[in-house]
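This report looks at aromatic rings and the charges placed over them. The structure comes first, then the contacts.

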There are 2 protein chains.
Amino acid sequence: MGKYVVGVDVGGTTVKLGFFDTEGVFLDKWEIPTRVEEEGSHILPDVAESIKKKLEEKRILFEDVAGVGIGAPGPIDSNGVVYKAVNLGWNVFSIKEKLEEHLKLPVMAGNDANVAALGEMWKGGGLGSRNLVMVTLGTGVGGGIIVDGRILTGFTGAGGEIGHIHVEDQEAEVCGCGNKGCLEQYASATGITRLANRKLKESGMDSMLRNGKISARTVFDAVKAKDALAMEVAEEFGRYLGNGLAGVACVVNPEVIVIGGGVSNAGEILIDYIRPYYEKSVFHGSRSVKFSLATLGNDAGIYGAAKLVLDSRP
Amino acid sequence: MGKYVVGVDVGGTTVKLGFFDTEGVFLDKWEIPTRVEEEGSHILPDVAESIKKKLEEKRILFEDVAGVGIGAPGPIDSNGVVYKAVNLGWNVFSIKEKLEEHLKLPVMAGNDANVAALGEMWKGGGLGSRNLVMVTLGTGVGGGIIVDGRILTGFTGAGGEIGHIHVEDQEAEVCGCGNKGCLEQYASATGITRLANRKLKESGMDSMLRNGKISARTVFDAVKAKDALAMEVAEEFGRYLGNGLAGVACVVNPEVIVIGGGVSNAGEILIDYIRPYYEKSVFHGSRSVKFSLATLGNDAGIYGAAKLVLDSRP
């Protein structure tokens, strides 16, 4: 049995890698560029090469590594098979088998948002819980669900796609997924900006948002400055996300809901807008859920990927 | 290791009991009344007594019984602790421990809707699948979710409460759970009747529903007779349930969705009304889900309860 595990988080522009001991102590992290050209065929060989180099550099023997965990954007089933990852150019293949070929080490793979949720459960905002929902508010809305300490992967790796829950029948614009009225269209950074721009157009209200660039950040800065229009936007955001998360909680009855992603930098004020709507529409058995902010930031993926390996050991 | 398992399904008026061998072959079933008086304190002793009597009658030795599984209406966590079952008069206690005391046999307990879902996975409409959502359309809307072959119980046993997903902001009437706008208010037998009565009041349309009693059954009979008003009601039902199930599928990515309960006697036509809305609003990764009708009827609970025991064995 090895003494170390490696966690890998493949993103559209960089791959993050982290080194942990099998007690879960973080030892080192580094990054390499993601080469998406030629259907992303270089990505896994690059990852393997980089891990080998790091092992040499640290004078760590291969037999001392228990395994490598890897998260990537796309549906990935519990056997480590990815069903197309558009951002990486990947088609359908087994990430697990392919990386094991290159590394001759045990590999575990999962969807990046799911893996990040596992990381936050292990060492972040969900510490101590085994039933957790993580929602990542970034350019899109990602989700990861942990049930009894394990990722809810689903039949074809599309579990936890919280951002694409249908929450609005009256939407005219199309979501990235092709549907209309997805939660992502209102609760992502892009969604908040969209809500703000709509409100600025439709309302005659004065607002500090009328000067300068609109972003999720400027909206929540304005909310903190008690800007009335921005507060209405935050209320809309809270209604969509609070109701959406209430639906998720009716399904999985979590102990804690962790909010992460760039938008979560706004802080506890987010939860103040989400919680009232959540509590109003959730089933009473899930009303007393804890809300917390993610604490691992961009490292959640490498932590969760390492944990995938630790959990797979007998 | 025993040769037999017992499945018990506690309802508000009767307790159903079933006898199976450990290969899952159904052998016998019977019923006893549910005595809810005195905080339901007689229910588990009655169950134990009835099982003992049956064993004697069949000349089966106690050591030949691998265990007893039991489902009951209320949130029941993975340790077999119930958190109040209002219909039975039960407060908070361990069903597992209490029944083990009486029977001196291993006991597993779960929520009745979750256990029924397990039964349908094992021997019913979800046969062959390990990732399943079951929705039971009866007086209320119950739900059970199976992930990787196991019940999704949740943190406090409130997993799978599909009927209380918030689907309508504009509802004035209160759901049994205390909230407004729950899926149950539109997709249960009671909900369908409510939708039909509303439509009859608001619309000037002629309809065969204007003569006689309105029920989910008469509504779907009218739908089959191409009654235009009834078809509008079915469309509303399908929109609420299809969108609601799409949300559930975004979260758990099932292979199959099983529709059960009294309303499901209407047959495949239900699915014809649900599927278009489901497909329109679900995330593409879950679009190709199979819909099927439950096949075990009122026996799903005893099957699932027996399976709880079989799955708990090492």
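## Aromatic pairs

Over all chains, a search of the whole structure finds 22 aromatic pairs. The model is predicted. A pair of aromatic rings is described by the distance of the centres and the angle of the planes.

## F19(A) and W30(A)

F19(A) pairs with W30(A) at 6.2 Å centre to centre. The angle between the planes is 40 degrees, and the pair is tilted. It links distant parts of the chain, with the two residues 11 apart. F19(A) belongs to strand β2 (residues 14-21) of chain A. W30(A) belongs to strand β3 (residues 26-33) of chain A. Both F19(A) and W30(A) are buried.

## W122(A) and Y303(A)

Why is the pair of W122(A) and Y303(A) edge-to-face? The planes of the two rings stand at 70 degrees, and edge-to-face applies over 60, so the pair falls in that class. The ring centres of W122(A) and Y303(A) are 6.2 Å apart.

This pair also joins distant parts of the chain, 181 residues apart. W122(A) sits in helix α4 (residues 112-123) of chain A, and Y303(A) in helix α10 (residues 300-312) of chain A. W122(A) and Y303(A) are both buried. Together with F20(A) and F26(A), W122(A) and Y303(A) make up one aromatic cluster.

## Charges over rings

Chain B supplies two cases of a charge over a ring. K54(B) lies over the face of W30(B), 4.5 Å from the ring centre. R239(B) places its charged end over the ring of Y240(B), at 4.7 Å from the centre of that ring.

Notes:
Residues are numbered from 1 along each chain as its sequence is written. Chains are lettered from A and ligands numbered from 1 in the order in which they are written. This is a predicted model: local features need pLDDT of at least 70, side-chain atom pairs count only at pLDDT 80 or more; totals for chains, interfaces and linings use all residues. Side-chain values use heavy atoms; hydrogens and water are left out. Rings of Phe, Tyr and Trp (its six-membered ring) pair if their centres lie within 6.5 Å; planes under 30 degrees apart count as stacked, over 60 as edge-to-face and the rest as tilted. Helices (H or I, at least four residues) and strands (E, at least two) are DSSP runs, numbered from the N terminus. Buried means under 20% relative accessible area, exposed over 50%, partly exposed in between (1.4 Å probe, protein chains only). A charge sits over a ring if NZ of Lys or CZ of Arg is within 6 Å of the ring centre and within 35 degrees of the ring normal.
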